[in-house]
Amino acid sequence: MAENYAFQAEISQVLNILIHSLYKDREIFLRELISNASDALNRVRFEMLTNEDVLDKEAELEIHISVDEENKTIRISDTGIGMAAEEIVDGLGTIARSGARMFLDQVTQADDPSISADIIGQFGVGFYSVFMVAERVEVASRSYYPGAEAVLWSSTGDAGYQMEVSDKSNRGTDIFIHLREDAHEFASVWRIQQIVKKHSDFVTFPIYVHKIGGEEEAESEAQPVNQQTALWRRSPSEVEQADHDKFYSSLTLDFKSPLRIIHTHADAPLQLYALLYIPHSPERGPLTPRQEPGIKLYARKILIDEYNTDLLPEYLWFMQGVVDSEDLPLNVSRETIQSNPLIARLKSVVTRRVLSELQKVADEDPELYAQIWEAYSGYLKHGVVSDYANREQLLPLLRFVSSKSNGALVTLDQVVENLAEGQEAIYYVVADDLVSAGQSVHLDAFRSRGIEVLYLTETIDGLLIPSLGQYEGHVFVAVDVEELDLDNVGQPAAETEEEPIDDATLGDLIMYITTELGDQVKSVRASKVLSSNPARLVTPADAMNRHQERLYRMLDKEIETQTRILEINSRHPLIRNLAARLAAGWQDDLLQRSVRLLYQGAMLADGVHPRPATMVEDVFSLMEAATHLDE
Ligand code: ADP
Ligand code: MG
């Protein structure tokens, strides 16, 4: 007796959207069904490694597609792990686990459904895509464990499905598709072969396509349609770029070519094949099925782990690809992989290989390396911070933009080569972005003395610098430290014509500013280093540095604005004006507002003003005074 079940509410929605938005790409239903069959075959093969009690142990692991051109039906059969009744309900009646969930979220969020239609065809949309071409689908399945009852699931894709007992006697799953009238084009052996080649060439199980009701079995039907080559086991020189592109996109459903391919084969000290890709961007599209990090781990061609994260350190988890080793014992389970000592050795080999490839790119193709750096700088810096074992390989991979590099990238070695006369420390400025760094008020003295300053704009820099500490004996020093002394470093520029204000007047101004700002600043002092800017804020030796302050802000921690030392430039016209105004006894509203803005301007310049909007009133009021026409 067949029993009726209703689909989970979202499923009808998914079906509806699929049918309407993917019309042009309907052929991907076959890719999805083959991918499920391949998953099921992988799972049963894995099960057989450790389990004696598997039904039909001798069955070939294959996928067969039978096309009935006359009756417009297609049947896809696998000898995979199969599904028992509860598993069918779970797998085909709910969408919680499948890519369809993300698909639905994405499509319903997009304002214009036609935009998403173009890209959706590229993503994993799962079993339901079959209803783009089917008016009725029957799934007969028998699970791998002896004694499980075979089930027959059927649905027309609208409200729900039926289930009943099936007489299927062998292990695996048969999907029987009655094509919709507008999808009769798929009732063609030739067409199906073509689609298999296009989307499923690298599936590692043989896929056969048969014609039902034909005469003799044609020769083409006795041969698998797909190449099923383990691409990573082929000699690197034999694999063409097009094969890589195809394999990479079938693996990741990322259709942009990877930035770099690392294809390697070793026999000693460990046997391994590795085929790894650096994706063009670390971002995984919202619909990409490989949302989880990890690479595929094979032992002797058998897929052991779909998303293995033990083979690479966390900072390299952006890599995609496959590692396959003949040395791994086949009885490893997903749970025990991690503790297998061989994995640790594989990890160290693979990690070094990736790092040496990056170095090779850096040496041979700086333009490509700049692209990689742009995408992955944060990851590699994370590597320097966390991976002491490979530090020597990681340091030469670091790149910086500096006050002298004109936007180009420099290495630490270049920075050391370019140290100015008498320069011991490597100086850096922390800023929100490169433009702000370039305009930093702290750079005055460095510019005029010809000293290079590194621009640090990534959050991770706050960890990188303390972790580096020094490079080749040169310590890293922030440009805004309290005790900055550049007297004997570089070539001082010629003195400006402006005479500094005399000490007594300057002393009065400093006193006035100190009183006016109160405990917002730790102290006020005359600057020895400013030349073209009127003021800057200096971090006292005992205060939280700017890196820490930024880190805390990123973490959304409530922190007080750090009290800093305000330095003023006694040669700057603005400071001279303020001093003169004070000396003339004009301790008025204008002077007060100007001093407030002087301090806030310095905060703003460093990107640490907690509430910039509070400046507006003072700014407008000063503008009003400045633009006033004396009658
Ligand atoms: P996904 O493959 O992303 O999990 P699908 O919608 O393609 O999503 O499939 C849903 C689930 O149905 C699978 O996870 C699997 O458990 C089950 N399933 C589908 N096809 C098969 C099959 N041929 N053999 C065994 N199980 C299957
Ligand atoms: Mg699937």
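The model is predicted, and local features were required to have a pLDDT of at least 70, side-chain atom pairs counting only at pLDDT 80 or more, whereas totals for chains, interfaces and linings use all residues. Residues are numbered from 1 along each chain as its sequence is written, chains are lettered from A and ligands numbered from 1 in the order in which they are written, and side-chain values use heavy atoms, with hydrogens and water left out.

Helices (H or I, at least four residues) and strands (E, at least two) are DSSP runs, numbered from the N terminus. The expected span of a helix is 1.5 Å times one less than its number of residues. Helix α1, residues 9-21, contains 13 residues and reaches 19 Å from its first C-alpha to its last, close to the expected 18 Å. Its buried residues (buried: under 20% relative accessible area; exposed: over 50%; partly exposed: in between; 1.4 Å probe, protein chains only) are I11, V14, L15, I17, L18 and S21.

D243, H244, F247, Y248, S249, L251 and T252 are buried in α7. These buried residues pack against β9, β10, β11 and β13, where contact means heavy atoms within 4.5 Å. Just after α7, L253 takes a positive phi of about 55°.

Helix α8 (residues 341-364) has 24 residues and reaches 35 Å between its first and last C-alpha, close to the 34 Å expected. Among its buried residues are L342, I343, L346, V350 and E357. The buried residues of α8 pack against β9, β10, β11 (295-299) and β13 (320-325), and also against α9 (366-386) and α10 (391-394).

Strand β9, which spans residues 260-266, includes I261. Apart from neighbours within four places in sequence, I261 is in contact with Q241, H244, L275, L276, Y277 and E357. The C-alpha atoms of I261 and L275 are separated by 7.3 Å, although these residues are 14 places apart along the chain. The loop between β9 and β10 holds P269, and the peptide bond from A268 to P269 is cis, with omega near -5°.

Aromatic rings were then considered. A pair of aromatic rings is described by the distance of the centres and the angle of the planes. Rings of Phe, Tyr and Trp (its six-membered ring) pair if their centres lie within 6.5 Å; planes under 30 degrees apart count as stacked, over 60 as edge-to-face and the rest as tilted. A search of the whole structure finds 17 aromatic pairs. Y5 and Y161 form a stacked pair, with 5.2 Å centre to centre and 5° between the planes. This pair links distant parts of the chain, as Y5 lies in strand β1 (residues 3-6) and Y161 in strand β6 (residues 160-165), 156 residues apart. Y5 counts as partly exposed because its relative accessibility is 32%, while Y161, at 3%, counts as buried. Y248 and Y277 form a tilted pair, 5.1 Å centre to centre with 55° between the planes. Here too distant parts of the chain are linked, with Y248 in helix α7 (residues 241-252) and Y277 in strand β10 (residues 272-278), 29 residues apart. Y248 has a relative accessible area of 1% and is therefore buried; Y277, at 0%, is buried. Ring pairs also link Y5, F7, F127, Y128, F131, W153 and Y161 into a cluster.

Most residues other than glycine have a negative phi, and most peptide bonds are trans. D56 has a positive phi, near 50°, and lies in the loop between α2 (28-50) and β2 (63-68). At 29% relative accessibility, D56 is partly exposed. The phi of N406 is likewise positive, near 60°. N406 is placed in the loop between β14 (401-402) and α11 (412-417), and is exposed, with a relative accessible area of 78%.
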